[in-house]
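User: I have a model here and would like to know what stands behind the labels used for it. Please set each value against its definition.
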Amino acid sequence: MNKAELRNIMMAIQCYYPNWKPTVEPQFLLDSWYLVLKDVPYDKASMALQRYVTTDTTGFAPSVGVLRNIVVENERIKDLLSSEKCLLQFSDNGPVIRNA
């Protein structure tokens with residue numbers, strides 16, 4: 001992800017969490033977050049933010065580490081579902097993961 005894409009993520013956080021008011025200079029915040037997320041593709045970071053927004057009940061904006069952990073967790077789930085040892089089936093109650 002580049003800094004312009006990260007800026008979009010941070011603007012989305014501000015939209016979702018209007019009380020999110022970091023106390024550091026905006027450029028320092030952007031640079032700091034970029035160090036942690038620069039190797040994360042924009043679409044995966046955006047998906048992580050969407051997942052956080054739709055599942056978190058604290059009412060607080062995510063930290064950079066939380067977003068990164070969600071990306072890692074999403075990748076782990078993707079790897080599990082694509083492995084030969086796992087089979088995803090759909091039932092009337094939703095998806096079910098079974099050993100193949």
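User: Which residues have the most contacts inside the largest nonpolar core?

Analyst: They are Leu6, Ile9, Ile13 and Trp33, in a core of 20 residues. A nonpolar core is a set of buried Ala, Val, Leu, Ile, Met, Phe, Trp, Tyr and Cys residues joined through side-chain atoms within 4.5 Å. This is a predicted model: local features need pLDDT of at least 70, side-chain atom pairs count only at pLDDT 80 or more, and totals for chains, interfaces and linings use all residues. Residues are numbered from 1 along each chain as its sequence is written, and side-chain values use heavy atoms, without hydrogens and water.

User: Why is the pair of Trp20 and Trp33 called tilted?

Analyst: Rings of Phe, Tyr and Trp (its six-membered ring) pair if their centres lie within 6.5 Å; planes under 30 degrees apart are stacked, over 60 edge-to-face, the rest tilted. Trp20 and Trp33 have 5.9 Å centre to centre and 55 degrees between the planes, so the pair is tilted.

User: What makes Asp39 and Arg68 a salt bridge?

Analyst: The term requires a side-chain nitrogen of Lys or Arg within 4 Å of a carboxyl oxygen of Asp or Glu. The closest N and O atoms of Asp39 and Arg68 are 3.0 Å apart, so the pair qualifies.

User: Why is Asp39 called exposed, but Arg68 partly exposed?

Analyst: Buried means under 20% relative accessible area, exposed over 50%, and partly exposed in between (1.4 Å probe, protein chains only). Asp39 has 54%, so Asp39 is exposed; Arg68 has 25%, so Arg68 is partly exposed.
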